[in-house]
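This briefing is meant to be read beside the coordinates, one topic at a time. Please keep the sequence at hand while going through the points.

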Amino acid sequence: MDVTIVGCSGSFAGPRSAASSYLVRAEHEGRTWSIVLDLGNGALGALQRHIRPYAVDAVLLSHLHVDHCIDMCGLYVMMRYVPGGPGRATMPVWGPPGTGVHLARAYGNGEAEDVL
């Protein structure tokens, strides 16, 4: 298993680090799985230094403070609308109860099923 610190700033992104985000890679049955733990402010940009976001298998959110989850909105846009991207908006995302509604509201959409 390999853990990469994508960001570890406090409640907001700093000049040298995004907010909370960690990339965990592990081999299983001949395949490398890539899981992102939290995706706080500034983390989506920093994540791209380590992996193409389309190659992420899933995201796990520890809690719903913006410094741990707000870049999910940018990931949604990237997954769905960026030319050359997968053209889909779905990726397994696990989080505490209410995660879908919280992310939909953060994105500006009241429909939870429309956002990751």
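This is a predicted model: local features need pLDDT of at least 70, side-chain atom pairs count only at pLDDT 80 or more; totals for chains, interfaces and linings use all residues.

A residue is called buried here when its relative accessible area is under 20%.

**Helix 3 and its surroundings**

- Two packed helices are described by the angle between their axes and the distance between the axes.
- For helix 3 and helix 4, the axes come within 9 Å and cross at roughly 80°, which makes helix 3 roughly perpendicular to helix 4, because that term covers angles from 65 to 115 degrees.
- On the helix 3 side the contact is made by Met 72, Cys 73, Tyr 76, Val 77 and Tyr 81, while helix 4 contributes Leu 103, Ala 106 and Tyr 107.
- Sorted by class, this contact of helix 3 with helix 4 holds eight nonpolar residues, with no polar and no charged ones.

**The largest nonpolar core**

- The largest nonpolar core has 21 residues, and within it Leu 47, Val 59 and Leu 75 touch the most other members.
- At least two residues of this core are supplied by each of strand 3, helix 1 and helix 3.
- Leu 47, when residues up to four places away in sequence are not counted, touches Val 6, Leu 23, Val 36, Leu 39 and Val 56.

**Ser 9, in a loop**

- Ser 9 belongs to the loop between strand 1 (2-7) and strand 2 (21-28), and it counts as buried because its relative accessibility is 17%, where the limit is under 20%.
- A polar atom of the Ser 9 side chain lies 3.0 Å from the backbone oxygen of Ser 17.
- Beyond its neighbours within four places in sequence, Ser 9 is in contact with Gly 14, Ser 17, Ala 18, Ala 19 and Ser 20.

**Thr 32, in a strand**

- Thr 32 is placed in strand 3 and has a relative accessible area of 37%, so that it is partly exposed.
- The side chains of Thr 32 and Glu 27 are joined by a polar contact of 2.3 Å.
- Apart from neighbours within four places in sequence, the residues in contact with Thr 32 are Arg 25, Ala 26, Glu 27 and Asp 57.
- Thr 32 and Thr 90 are 58 residues apart along the chain, and their C-alpha atoms are separated by 20 Å.

**Positive phi values outside glycine**

- Glu 29, a residue other than glycine, has a positive phi near 50°; Glu 29 sits in the loop between strand 2 and strand 3, and it counts as exposed because its relative accessibility is 73%, where exposed means over 50%.
- Asp 38, likewise a residue other than glycine, has a positive phi near 70°; Asp 38 is found in strand 3, and with a relative accessibility of 6% it counts as buried.

Notes: Residues are numbered from 1 along each chain as its sequence is written. Side-chain values use heavy atoms; hydrogens and water are left out. Helices (H or I, at least four residues) and strands (E, at least two) are DSSP runs, numbered from the N terminus. Buried means under 20% relative accessible area, exposed over 50%, partly exposed in between (1.4 Å probe, protein chains only). A polar contact is a pair of N or O atoms within 3.5 Å; within protein, one must be able to donate a hydrogen and the other to accept it, and residues adjacent in sequence count only if both atoms are side-chain atoms. Contact means heavy atoms within 4.5 Å. Axes are lines fitted to C-alpha atoms, for helices over the stretch in contact, and angles run from 0 to 180 degrees between N-to-C directions. Angles under 35 degrees count as roughly parallel, over 145 as roughly antiparallel, 65 to 115 as roughly perpendicular and the rest as oblique. Ala, Val, Leu, Ile, Met, Phe, Trp, Tyr, Cys and Pro count as nonpolar, Asp, Glu, Lys and Arg as charged, and the others, Gly among them, as polar. A nonpolar core is a set of buried Ala, Val, Leu, Ile, Met, Phe, Trp, Tyr and Cys residues joined through side-chain atoms within 4.5 Å.
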